Amino acid sequence: MNEVIQLIHQHRSIRKFTNTPLTGEQIEAIVDAAQMAPSSAHMQPFSIIGVTDRELRKKIALHSENPWIDECGYFFIFCADFHRMMQAAGPDYQDKMSRNLNYSYFYQTSVLSAALALQNANLAAQSMGLGAVIIGGINSALPELDEWLDLPDFVIPLVGLAVGVPDEFPEQKPRLPRSAVFFENQYDRDLKAQVEAYDREIEEYYGARTNNKQKASWSGKFISMLDRDLPLGGYTEYVKSKGFDLK
């Protein structure tokens, strides 16, 4: 197993940091690594916003219920972004382009590109001995977050990355068995036994870990989530308001 694979296998989400800001060199190295991620047709339809304003970080942390946003050494927000492309085209092309950007293909491509850049950034931080946690919960701060970041049309904040010097080393969550994730030639529809075995493993993990012990299984948590009336319609309307009337 080479060093890169070893690094990947050591991944843990870090939510407790020392009071140490990142250096400029560390920030640049993380952003440069993010930009080296592949993207379809080299569109690069993402942007990264570093949040250095302490009051803004406090507001995002409070509204999203993620206190480590305010406590980490540096906070990045990864966005889907077609604004650059629209600006480059000029007004003669923008109407047709905006109609084409309504196809879900482009939104999906921007989300995937941002996700690849995010993982590059996460690994870069980890390789420097830093800790990080990916925070999808920043969406709980919408629509205010959009205003605070002064985002134009066709730019949507997707996920945050809190990075800093780790002040904890939590237990590593077990992953689904390979047989439930990796198939050859065709999908295996009969996954009940693998999921049940994994649920038992996760129950043991939650019951034995040092912090935040709980009684829960993997499937139970997400069945419970998806069996509720979720207040997510507002997010769909927000995406439409930013120019992506998906079809």
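Q: What makes the lining of the second largest pocket nonpolar, polar or charged by class?
A: Ala, Val, Leu, Ile, Met, Phe, Trp, Tyr, Cys and Pro count as nonpolar, Asp, Glu, Lys and Arg as charged, and the others, Gly among them, as polar. By that rule this lining has 6 nonpolar, 5 polar and no charged residues. Among the residues that line this pocket are Gly136, Asn139, Leu142, Pro231 and Tyr235. The model is a predicted one, where local features need pLDDT of at least 70, side-chain atom pairs count only at pLDDT 80 or more, and totals for chains, interfaces and linings use all residues. Residues are numbered from 1 along each chain as its sequence is written, and side-chain values use heavy atoms, with hydrogens and water left out.

Q: How do you know that the structure holds 0 disulfides?
A: A disulfide is a pair of cysteine sulfur atoms within 2.5 Å. The sulfur of Cys72 has its closest cysteine sulfur in Cys79, 16 Å away, so the two are too far apart for a bond. Seen from Cys79, the closest cysteine sulfur is that of Cys72, again at 16 Å and too far for a bond. The count of disulfides is therefore 0.

Q: Why is Cys72 called buried?
A: Buried means under 20% relative accessible area, exposed over 50%, and partly exposed in between (1.4 Å probe, protein chains only). Cys72 has 5%, so Cys72 counts as buried.

Q: What makes Cys79 buried?
A: Its relative accessible area is 0%, so Cys79 is buried as well.

Key:
On a 1 Å grid over the protein atoms alone, a cavity is a set of points where a 1.4 Å probe fits but cannot get out, and a pocket is an open set with protein on both sides within 12 Å along at least five of seven lines; lining residues have an atom within 4 Å of a point.
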